[in-house]
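Subject: Structure handover

Hello,

Here is the structure for you to look through. My notes on it follow below.

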Amino acid sequence: MGTANRFGEFCGRAAAWAFVGVGGVLAYEVVMRYVFGAPTIWAEEIARMVQIWASYLAAGFILAQRRMIRVTVVTDRLPPRPKRWAEGFSLLWIVGFCLVAVWYGAEVAIESIDIGRASSTMLGLPQWATEFAIPVGFGLLLTQALIQLIDLVRPTDGREEPNH
């Protein structure tokens, strides 16, 4: 398994476990609310925050599995070399977008820390706890895209295709 796939698997497993956690928290809330008549003030907001984190963590896995939304009507008809160039170009766009998202996402989260912004719920979680999912998630996606870009340009000895 190549570096790109190992890193993507790590992101995918982390996201999958986070989604399991969301299911557990929501199941707990349903039981507490409808069986015991004692709803919590924390379950919905915690589940939402973990779901946001899981969604951003999953992006690296989705790229590693080559499941990002792609329009392949042209690239499927290209010979191998131009197809690799097109894939490299796409990865460069992903890298560029991720750099912007990491920069501005971190800026927003840091501003939330500076001004003490919190959610408007009874729990009042600090907003940065959710907002940092953007720079972290896009940072992971950036790392995955760079790994795949390196694998794409790394010379192969003809025995195997690069792992991307």
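Helices are DSSP runs of H or I with at least four residues, numbered from the N terminus. Glu 9 and Arg 13 both lie in helix 1, four residues apart, about one turn of the helix. This is a predicted model, in which local features need pLDDT of at least 70, side-chain atom pairs count only at pLDDT 80 or more, and totals for chains, interfaces and linings use all residues. Residues are numbered from 1 along each chain as its sequence is written, and side-chain values use heavy atoms, with hydrogens and water left out.

Salt bridges

A salt bridge here is a side-chain nitrogen of Lys or Arg within 4 Å of a carboxyl oxygen of Asp or Glu. By this rule there are six salt bridges. One of them joins Glu 9 to Arg 13, at 4.0 Å from N to O. For exposure, buried means under 20% relative accessible area, exposed means over 50%, and partly exposed is in between (1.4 Å probe, protein chains only). Glu 9 is partly exposed at 24%, and Arg 13 is exposed at 56%.

Another salt bridge pairs Glu 44 with Arg 48, at 2.9 Å from N to O. These two are separated by about one helical turn, because they are four residues apart in helix 2. An α-helix has 3.6 residues a turn, so residues three or four places apart point the same way. Glu 44 is partly exposed, at 49%, and Arg 48 is partly exposed, at 39%.

Glu 111 and Arg 117 also form a salt bridge, with their closest N and O atoms 3.1 Å apart. Glu 131 joins both of them in a network of salt bridges.

Helix 2

Helix 2 covers residues 43–64, which is 22 residues. From first C-alpha to last it reaches 32 Å, close to the 32 Å expected (1.5 Å times one less than the number of residues). A kink of about 25° is centred on Ala 58; the bend at a residue is the angle between axes fitted to the seven residues ending there and the seven starting there. The buried residues of helix 2 include Ala 58, Met 49 and Leu 57. Just after the helix, Arg 66 has a positive phi of about 60°.

Cysteines

How many disulfides are there? Counting pairs of cysteine sulfur atoms within 2.5 Å, the number is zero. The cysteine sulfur nearest to that of Cys 11 belongs to Cys 98, 11 Å away. Cys 11 is buried, at 0% relative accessibility, and Cys 98 is buried, at 1%.

Regards
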